[in-house]
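Here is a quick tour of a protein model. Have the sequence and the 3D view open as you read.

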Amino acid sequence: MLILEWIGIGVLILCAAVLVLFVRRALVARAGGTIRLSVRVSTMVDGRGWSPGFGRFADDELRWYRMFSFAIRPKRVLSRDGLAVESRRQPEGQECLAMPADWVILRCTGYQAPIEIAMAESTVTGFLSWLEAAPPGAAFPRLTAQDWPAA
């Protein structure tokens, strides 16, 4: 009888963990601006190291959350400031097994180390639009009253 109680407790804990995963995902997705996005977290082996997740656009950041994680905070944050798409390619070799056929891999550079992200072809247009749609004056430092020329 004691073994059955421990099995029941284990099943209950497992169900609670799965529920937490889905609730966390629903809370992040509910905020809007969410896309399916995979990030290459390791480049040690060609074609491997992809981690599925979802990204959420928030102000000037793209916040990436791992699909299967209990963390509430994003795993990676890409700032629009300084981020540029270096190249675009189709999945090759083992990458074809890790992601859907209509996905595109973008190699991005910025102030941090280069990063590879993968997303659906239809999402790339929205991502590039977000990347280019910085608010007016965002590329230049803000001028204060003392920076203005004397009149």
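What follows goes from the overall layout to the sheet, the aromatic residues and the pocket.

## Ground rules

This is a predicted model, so to speak of a local feature takes pLDDT of at least 70 and side-chain atom pairs count only at pLDDT 80 or more, while totals for chains, interfaces and linings use all residues. Residues are numbered from 1 along each chain as its sequence is written, and side-chain values use heavy atoms, with hydrogens and water left out.

## Overall layout

The protein has 3 helices and 7 strands, where helices are DSSP runs of H or I with at least four residues, strands are runs of E with at least two, and numbering starts from the N terminus. Read from the N terminus, the elements go α-β-β-β-β-β-α-β-β-α.

Of the 151 residues, 28% count as buried; that means under 20% relative accessible area, with exposed being over 50% and partly exposed in between (1.4 Å probe, protein chains only). Take the contacts (heavy atoms within 4.5 Å) with a separation of 6 or more: residues 24 or more positions apart account for 42% of them.

## The sheet

The strands build an open sheet of 7, ordered β4-β3-β2-β1-β7-β6-β5, with antiparallel pairing; two strands pair if DSSP finds at least two bridges between them. At the edges stand β4 (76–79) and β5 (84–89), each with a single partner strand, so one side of each has no neighbour in the sheet. Neighbouring strands are turned by 35 degrees against each other on average, direction ignored. Axes here are lines fitted to C-alpha atoms, for helices over the stretch in contact, and angles run from 0 to 180 degrees between N-to-C directions.

Now for some individual pairings. β1 (residues 34–40) and β2 (residues 50–58) run antiparallel over 7 bridges, and Thr-34 has Arg-56 as its bridge partner in β2. β1 also pairs with β7, antiparallel over 2 bridges, with Ala-118 of β7 as the bridge partner of Ser-38. β6 and β7 form a hairpin with 5 residues between them, joined by 6 bridges; Cys-108 has Ile-115 as its bridge partner in β7. In β7, 6 of the 6 residues are buried, so this strand is largely enclosed by the rest of the structure.

Helix α3 (residues 121–132) lies across β1, β2, β3 (61–66), β4, β5, β6 (103–109) and β7 (115–120), at about 125 degrees to β7.

The structure holds 3 aromatic pairs: rings of Phe, Tyr and Trp (its six-membered ring) pair if their centres lie within 6.5 Å, and planes under 30 degrees apart count as stacked, over 60 as edge-to-face and the rest as tilted. One of them is Phe-57 with Trp-130, tilted at 5.0 Å centre to centre and 50 degrees between the planes. This pair links distant parts of the chain, with Phe-57 in β2 and Trp-130 in α3, 73 residues apart. Trp-130 is buried at 11% relative accessible area, while Phe-57 is partly exposed at 23%. Together with Phe-127, these two form one aromatic cluster.

## The largest pocket

The largest pocket has a volume of about 310 Å³. On a 1 Å grid over the protein atoms alone, a cavity is a set of points where a 1.4 Å probe fits but cannot get out, and a pocket is an open set with protein on both sides within 12 Å along at least five of seven lines; lining residues have an atom within 4 Å of a point. Grid points are joined across faces, edges and corners, and the volume is the space filled by probe spheres set on the points.

The lining has 19 residues, with Leu-78, Gln-112, Ala-113, Pro-114 and Ile-115 nearest the centre. β4, β6 and β7 are the elements that give two or more residues, and β4 has the largest share, 4 residues.
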